[in-house]
Amino acid sequence: GRPTRDPGDINTGDRPMFVVGGRSSRRLNEAINRLATSLGAPVLADPQVNLCGPNVLEHADLVAGARDSSGARIAFEAHPPDFVIRVGRLPTSKAIWTWLHRSGIDQLLVDDAPFSDPLASAPAVIEEEPLSVLESWNASRRLDTSFLAAWLAMDEHAGVALEHTIEDLPFPNEPAIASIVGRSAPAGSVL
């Protein structure tokens with residue numbers, strides 16, 4: 001069976017990760033960022049959440065979906081988390097939700113919405129409003145941030161690879177135009 005943790009103890013494990021989907025608010029995003037920073041945890045957030053922060057991967061779907069020649073997921077094989085804190089419903093990224101479903105990684109889901117875990121991949125669920133739960137948690141500061149650094153480096157590589165791929169396409173093309181619009185939008189915009 002799957003390992004389970006005390007749902008109130010987010011300080012266990014050496015390689016925690018946040019996966020965020022569903023609705024969002026400024027205060028919820030602040031709580032996620034506070035905890036992720038203290039835990040040294042990377043954050044894989046659904047673009048619909050509009051979550052930004054120092055631990056948030058900008059190319060989470062690309063990083064999660066990258067596979068080697070044998071079909072193994074590169075990021076999750078090289079740097080597997082040992083605990084996933086899920087906030088909200090499953091993200092829309094197929095690469096992320098299929099990995100969550102098949103990984104066997106210990107997961108804690110925090111959400112008060114029905115059907116937040118249609119794949120039943122989280123062995124522990126806190127069925128409460130996420131903001132109140134996250135604001136009640138105190139995370140111990142991690143001194144070893146190598147796990148986070150590895151995920152942020154993979155995210156940076158994915159961004160560079162994406163930019164090179166777009167640059168190699170004849171212009172005009174949809175990805176290049178979307179990139180230009182995204183860079184031109186004011187901070188905090190939702191596209």
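This is a predicted model: local features need pLDDT of at least 70, side-chain atom pairs count only at pLDDT 80 or more; totals for chains, interfaces and linings use all residues.

Q: How far apart are the closest N and O atoms in the salt bridge of D117 with R86?

A: First the general idea: side chains of opposite charge can pair when their charged atoms come close. Here, D117 and R86 have their closest N and O atoms 3.2 Å apart. D117 sits in the loop between β4 (107-110) and β5 (124-126), while R86 belongs to strand β3 (residues 83-87), so this pair ties together parts that are 31 residues apart in sequence.

Q: Are D117 and R86 buried or exposed?

A: The cut-off to remember is that buried means under 20% relative accessible area, exposed means over 50%, and partly exposed is in between. Both D117 and R86 are buried.

Q: How many salt bridges does the structure hold?

A: There are 4 salt bridges in the structure. One of them joins R27 to E135, with 2.9 Å between the closest N and O atoms. R27 is in helix α1 and E135 in helix α5 (residues 130-136), so this pair links parts that are 108 residues apart in sequence. R27 is partly exposed, with a relative accessible area of 41%, and E135 also counts as partly exposed, at 41%.

Q: Which residue forms a salt bridge with E30?

A: That is R26, and the closest N and O atoms of the two are 2.8 Å apart. E30 and R26 are separated by about one helical turn because they are 4 residues apart in helix α1 (residues 26-39). E30 counts as partly exposed at 43% relative accessibility, whereas R26, at 59%, counts as exposed.

Q: Which buried residue has no salt bridge, and how far away is the nearest side chain of opposite charge?

A: Look at D155, which is found in helix α6. D155 is buried yet has no salt bridge, and R73, the nearest side chain of opposite charge, is 14 Å away. Remember the 4 Å limit from our definition of a salt bridge.

Q: What does D155 touch, not counting residues up to four places away in sequence?

A: Contact here means heavy atoms within 4.5 Å. With those sequence neighbours set aside, D155 touches V56, L57, E58, H59, A60 and V63.

Q: Where does H59 lie?

A: You will find H59 in the loop between β2 (43-45) and α2. H59 counts as buried because its relative accessibility is 18%. Leaving aside its neighbours within four places in sequence, H59 is in contact with D155, A158, G159 and L162.

Q: Which residues are closest to the centre of the largest pocket?

A: A pocket is an open space with protein around it, and the largest pocket here holds about 1,300 Å³ of space. Of the 32 residues lining this pocket, P47, E58, H59, G182 and L191 are the closest to its centre. The elements that give two or more residues to the lining are α2 (60-65), α6 (146-167) and α7 (174-184). With 5 residues, α7 gives the most.

Q: How do the residues of that lining divide into nonpolar, polar and charged?

A: The lining has 18 nonpolar, 9 polar and 5 charged residues.

Q: How far apart are A64 and F76, in sequence and in space?

A: Sequence and space are two separate ways to look at a pair. A64 and F76 are 12 residues apart in sequence and 7.3 Å apart in space, C-alpha to C-alpha. A64 is found in helix α2 and counts as buried because its relative accessibility is 0%. Not counting residues up to four places away in sequence, A64 touches R73, F76, A95 and I96.

Q: Which residues have a positive phi although they are not glycine?

A: For backbone angles, pick out N50, with a positive phi of about 60°, and A120, with one of about 55°. N50 lies in the loop between β2 and α2, and A120 in the loop between β4 and β5. N50 counts as partly exposed at 28% relative accessibility, while A120 counts as exposed at 60%.

Q: Which peptide bond is cis?

A: The bond from F171 to P172 is cis, with omega near 5°. P172 lies in the loop between α6 and α7.

Terms used. Residues are numbered from 1 along each chain as its sequence is written. Side-chain values use heavy atoms; hydrogens and water are left out. On a 1 Å grid over the protein atoms alone, a cavity is a set of points where a 1.4 Å probe fits but cannot get out, and a pocket is an open set with protein on both sides within 12 Å along at least five of seven lines; lining residues have an atom within 4 Å of a point. Grid points are joined across faces, edges and corners, and a volume is the space filled by probe spheres set on the points. Ala, Val, Leu, Ile, Met, Phe, Trp, Tyr, Cys and Pro count as nonpolar, Asp, Glu, Lys and Arg as charged, and the others, Gly among them, as polar. Buried means under 20% relative accessible area, exposed over 50%, partly exposed in between (1.4 Å probe, protein chains only). Lys and Arg count as positive and Asp and Glu as negative; His and the chain ends are not counted.
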